[in-house]
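Morning, everyone. Let me put the model up, and then I'll walk through its pockets and its sheet.

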Amino acid sequence: MSHAFLIDASVLIFRAWHSLPPDIAGDCGRPLNAVYGYARFLCGLLARLQPRHIAVAFDGGLKNSFRRKLFPPYKANRDPAPPELRAQFPLCEILTRGMGIAMVGGNGFEADDYLASMARRCRANGGENFRFTFVTSDKDIAQLVGADDELWDPCRDRVRDAAQLHRLLGVAPPQVADFLALAGDSADNIPGAAGIGVKTAGLLINRFSSLENIYANIKHIEAMPLRNRRAVVQSLHENRDRVFLYRRLTKLDGAVPLPADFSLARNVDAGELESAIIETGIDPALAGRVRRDALAGAP
């Protein structure tokens, strides 16, 4: 079984932006702190683990997101990225390609959906078997973690497998989308069903496994040992359409179009790497590390 790393670029870039000083700049004085942090993480991963299969997903922006069209308040609680940060995303993309790492993004889809689609394509091909390490701090990705997979939170440098995620979240990974639709997700500005919090949502999901089964067995909920079971049943009735809409927001789209020739296999070209280093404007010390680590173990 081959080991593949699927990375959410935004998590790494935002983390670098907030943790590194803003005076890290290139020759023209443009800020490069996010680029530096992002590059250092990739270099560390490549040097230490030398993955043969790896890909990075970039967010396509919320403006044209299908989730925002379905539910305009979706992620409306988030401040837009400042111009100094937005300008660094294209540089991170250039560096990713130069390091021989497959990259996808754009078209109004979120990085999570691209990760889901990459994993789905690999699992559906029927050829080489993969186990995945999903590199992100976004809990939504937990729904992709199978028995052989793991989620690596780079912000805390913590790795959890499916069983550990189950204990952490209180529901099994495949149930995460239903759970968040019912309980709500303040990070994404998804309200959930009024009066049904994390504890109650977990009890319902663990008992009935899915939203469909909850509503098919709603008469049995009044017999459950819930503190406010009548209010819970009333909320379920009143919010039925909403929670199914919310699940369309919380469930990752595994059918995002990918390039026909998409491959997780690393493919480094020394000339393209050098061009990327020059175009991003990183200093000689980091450039040397990028050259060394990008070529380490490369085919």
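First, a term: helices (H or I, at least four residues) and strands (E, at least two) are DSSP runs, numbered from the N terminus. Now the provenance. This is a predicted model, where local features need pLDDT of at least 70 and side-chain atom pairs count only at pLDDT 80 or more, while totals for chains, interfaces and linings use all residues. Residues are numbered from 1 along each chain as its sequence is written, and side-chain values use heavy atoms, with hydrogens and water left out.

Pockets next. A pocket is an open set of points on a 1 Å grid over the protein atoms alone, where a 1.4 Å probe fits, with protein on both sides within 12 Å along at least five of seven lines; lining residues have an atom within 4 Å of a point. Grid points are joined across faces, edges and corners, and a volume is the space filled by probe spheres set on the points.

The largest pocket has a volume of about 1100 Å³. Its lining counts 36 residues, and S10, F14, D59, L62 and R78 are the closest to the centre. Which helix gives the most to that lining? It is α1, with six residues. At least two residues each come from α1 (9-19), α4 (83-86), α5 (89-98) and α6 (111-124).

Ala, Val, Leu, Ile, Met, Phe, Trp, Tyr, Cys and Pro count as nonpolar, Asp, Glu, Lys and Arg as charged, and the others, Gly among them, as polar. The largest pocket's lining splits into 15 nonpolar, five polar and 16 charged residues.

The second largest pocket holds about 330 Å³. It has 14 lining residues, with G100, I101, A102, A265 and N267 nearest its centre. By class: seven nonpolar, three polar, four charged.

On to the sheet. Two strands pair if DSSP finds at least two bridges between them. Six strands make an open sheet, ordered β3-β2-β1-β4-β5-β6, with mixed pairing. β3 (102-105) and β6 (158-161) are the edges; each has a single partner strand, so one side of each is left without a neighbour in the sheet.

Zoom in on one pair. β4 (residues 130-135) and β5 (residues 150-153) run parallel, over three bridges. T133 has E150 in β5 as its bridge partner.

Last, P21. P21 sits in the loop between α1 and α2 (33-49). P21 and R292 are 271 residues apart in sequence, and 25 Å apart in space, C-alpha to C-alpha.
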